[in-house]
Amino acid sequence: MFANPGILRECCAAVIANMMSFGLGVINGWTSATHRYFVQDQSPIGPLSHSYFSWLSSIPFLSALLGLFVWGNLSERLGRKPTGFILGLPFTIMYILLCVSHNQTVVLVARFIGGFANVGCIMCVTLYVKEIASAEMRVRLTNIMAVSIVLGSLYVISVSSIVTYEVLHQLLLVWCIVYLILFSFLPETPVYHIKNDDYEKARQSLEWLRQTKDETLISREIEALKETFINKTGIKFLDVFRNKYYFKTMLISVFLQITINNVTGFSVFLTYSSEIFEQLLQDENVAWYNIIFTALQIIGGLITFVVADKFGRRTYIVSSNIILSALLLTLALCQYLEIQVFKMFTVLVMFVFILIFFAISFPIMYIYFNEIISSESSNHIFTIMMLGKNLGWFVSTKMYYTIKEHIGLEGVFFLFSLGSLLLALITLTFPESKNKTLKKLNEELVR
């Protein structure tokens, strides 16, 4: 892969940009990771009520909604690189607060501030990587985000099991500072310059990214990047609702973003994995199960690099969610029957669930987005997508305890099983995107 030095530079830029995706993974896994600190007699922030813990889990996804009105506009006005740098500041402030204070209110405020960057971690990173990637590397570089998110969760869960609450957040603060330093050396995306008709700067970006001054190659790259637009001129937010292609791709993307993250149960499983394992096993010593649960997410992400192009994107999303539905139904039945021998079996089913989710459902969703959403509409559509995703995440994690009290854990599993099946059936009506140009997809959706 790295015989071409330009490809190595592309990959390095994508990895640095995805340090923010790593940060999103840390926020997602933080509740499960820090659960062991808070159940101790000497909790670092004092005894916690269920109500406070649910707010601690869900508040980043509430503040993320405020970010919807910031990150897309900043990205269009200032550029992808300045916005990417600013994106690291909320995380930095959050970890400074967590390092210096153990007050429960301050901890909530810190999580609120960090959550403000959540939307940007998806919007800005996806856009930056898509706009620097060459055509042959785009699918692979897109998948780095899914792996980075999982690595963030694995890191915080693993490290929290061996260090103190204070050291954990000091290490995360160092990570933020390293990101700010490294990202400052990256170039602006060539696509952003093309949108602004600044072809000279676009050439400079491509020269750095492809590590070449070959005019023929650079010109060919610019022409290829132009094909990621339907309309090269900038569009306004309301144009998403006026243009049929923009509108239909927005509906498809919002539906998949909300349902794959929330209706499958992923948001709840990731946020409350420690408690769910404790209930399944009737045992409080679940640290290693959490680590395995997160490690399987990484294995799934690595599998994606191998299998992503074997079948169509729609085929993968539909088939994987049918399998997830069957696994969730199995969990519901095992929990309902309450047979002792099923305890370890249910954990194995959870492991298979997360492996399939991260090998297929989650990463293929983002590959699909990159193939159907045009460059000029990306910011606006991702803004709407993130509104739905984070609102759904906030509601599902906030309401988890309430729903579980009424229908039990087996009822929760059953609801997620039904939701996954409906998701698969509805996705059957969406167009396939593999090996299709935007022009071809436009013809299919607008006819």
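Predicted model: local features only at pLDDT ≥ 70, side-chain atom pairs only at ≥ 80, totals over all residues.
A residue is called buried when its relative accessible area is under 20%.

**First stop: helix H11.** Select residues 199-210, the 12 residues of helix H11. From its first C-alpha to its last, H11 reaches 16 Å, close to the 16 Å expected at 1.5 Å a residue. Next, colour Ala202, Ser205, Leu206, Leu209 and Arg210, which are the buried residues of H11. They lie on the same side of H11, because they cover an arc of only 110° around the axis. Just after H11, select Gln211, which takes a positive phi of about 55°.

**Second stop: a charge over a ring.** Display the side chains of Arg9 and Trp208. The charged end of Arg9 sits over the ring of Trp208, at 4.7 Å from the ring centre.

The structure holds 35 aromatic pairs. Select Phe266 and Trp393: their ring centres are 5.7 Å apart and their planes stand at 85°, so this pair is edge-to-face. Phe266 belongs to helix H15 (residues 266-271) and Trp393 to helix H20 (residues 378-427), so the pair ties together parts that are 127 residues apart in sequence. Both Phe266 and Trp393 are buried.

Move on to Phe357 and Phe358, whose ring centres are 5.5 Å apart with planes at 65°, so this pair is also edge-to-face. Phe357 is buried, with a relative accessible area of 0%, and Phe358 counts as buried at 1%.

**Last stop: the cluster.** Which residues do ring pairs link into a cluster? Select Phe266, Phe269, Phe353, Phe357, Phe358, Phe362, Tyr366, Phe369, Phe382, Trp393, Phe413 and Phe416 to display the cluster.

Technical notes:
Residues numbered from 1 in each chain as written. Heavy atoms only, no water. Phe/Tyr/Trp six-rings, centres within 6.5 Å; stacked < 30°, edge-to-face > 60°. Helix = DSSP H or I, 4+ residues; strand = E, 2+ residues; numbered from the N terminus. Buried < 20%, exposed > 50% of the residue type's maximum accessible area, 1.4 Å probe, protein only. Lys NZ or Arg CZ within 6 Å of the ring centre and 35° of its normal. Expected span 1.5 Å × (residues − 1). Arc of directions from axis to C-beta.
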